[in-house]
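This briefing is meant to be read with the sequence and the structure side by side. It begins with one term and then goes through the fold and a few selected places.

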Amino acid sequence: MSEYRKVIAICGTWLYEEKEYGFVTELIKSCREKGYITVVFNFSVDSMNLVEDVTCEKKLMNLMGHLKCDGVIVMGETIKSERMLENIMQTIRNMNAPVFALEKHIDGCYNVAMKFGSGFQDIVRHVIRDHGCRKVNMIAGVKDNEFSDDRIKAYKEVLAENGIPFEEKR
């Protein structure tokens, strides 16, 4: 008689990239130690603009939809296309499994996000307090990106707490 083992699915795009691969590898290891089977769905396109892209990705989603998953982890930050994310989420909703969304808020999911802003605050504080800098330039990153916005907010807060006026050009 076979023993039932719970299945956890992980979904995202570009999961073979260094940062994502390292995270997924550790997640699989942790799941294995707890007796879970992990299945990773690496959607290779994030645009879904081309007919052939939609066809290939929907086949993978169809396969995913046939699994009895006990939980699904969506690496939301890796999925840049809202259309792609909507299609993945529709497939997952039909599975009726709890869904954990990492680094991107998705309605109806357990949303998990790192607080990158507090770490950036520590860096800015160090530059001001330990090195005595009063004119601190920063590069936030990509415009209208949640992580970049967090860094900008953190930068402004630390400047204010140290009596340094915010200068847009910096």
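Two residues are in contact when they have heavy atoms within 4.5 Å of each other, and packing is to be understood here in that sense. The model is predicted, and the values below are computed from it. In the protein there are five helices and five strands, which follow one another along the sequence in the pattern β-α-β-α-β-α-β-β-α-α.

**Overall shape and surface**

- The radius of gyration is 20 Å, well over the 15 Å that the globule rule gives for 170 residues, so the protein is more spread out than a compact globule.
- Taken along the principal axes, the box filled by the C-alpha atoms is roughly 70 × 40 × 30 Å.
- Of the 170 residues in the protein, 38% are buried, and the accessible surface comes to about 10900 Å², with 55% of that area belonging to carbon and sulfur atoms.

**Helix H4 and its buried side**

- Helix H4 runs over residues 116–130, and its 15 residues reach 21 Å from the first C-alpha to the last, which is close to the 21 Å expected at 1.5 Å a residue.
- The buried residues of H4 are Gly 117, Phe 120, Gln 121, Val 124 and Ile 128; they cover an arc of only 110 degrees around the axis, and therefore lie on the same side of H4.
- As background to such a pattern, an α-helix has 3.6 residues a turn, so residues three or four places apart point the same way.
- The buried residues of H4 pack against helix H5 (146–161), while the face turned away from the buried side carries the exposed residues Ile 123 and Asp 130.
- Gln 121 counts as buried because its relative accessibility is 15%, which is under the 20% cut-off.
- When residues up to four places away in sequence are not counted, Gln 121 touches Ala 154, Glu 157 and Val 158.
- H4 is followed by Gly 132, whose phi is positive, near 70 degrees.

- Strand E1 (residues 7–13) is mostly covered, with seven of its seven residues buried.

**Loop residues with positive phi**

- Most residues other than glycine have a negative phi.
- Trp 14, in the loop between E1 and H1, has a positive phi of about 55 degrees although it is not a glycine, and Trp 14 is partly exposed with a relative accessible area of 34%.
- Asn 96, in the loop between helix H3 (82–95) and strand E4 (99–102), likewise has a positive phi, near 60 degrees, and Asn 96 is exposed with a relative accessible area of 72%.

**A position in helix H1**

- Thr 25 belongs to helix H1 (residues 18–33) and is partly exposed, with a relative accessible area of 34%.
- Thr 25 and Ala 113 are 88 residues apart in sequence, and in space they are 19 Å apart, C-alpha to C-alpha.

Note on methods
Residues are numbered from 1 along each chain as its sequence is written. This is a predicted model: local features need pLDDT of at least 70, side-chain atom pairs count only at pLDDT 80 or more; totals for chains, interfaces and linings use all residues. Side-chain values use heavy atoms; hydrogens and water are left out. Helices (H or I, at least four residues) and strands (E, at least two) are DSSP runs, numbered from the N terminus. The expected span of a helix is 1.5 Å times one less than its number of residues. Buried means under 20% relative accessible area, exposed over 50%, partly exposed in between (1.4 Å probe, protein chains only). The arc is that of the directions from the helix axis to the C-beta atoms. The radius of gyration is taken over C-alpha atoms; the globule rule is 2.2 Å times the number of residues to the power 0.38. Accessible areas come from the Shrake-Rupley method with a 1.4 Å probe; for residues, only the protein chains shown count as cover.
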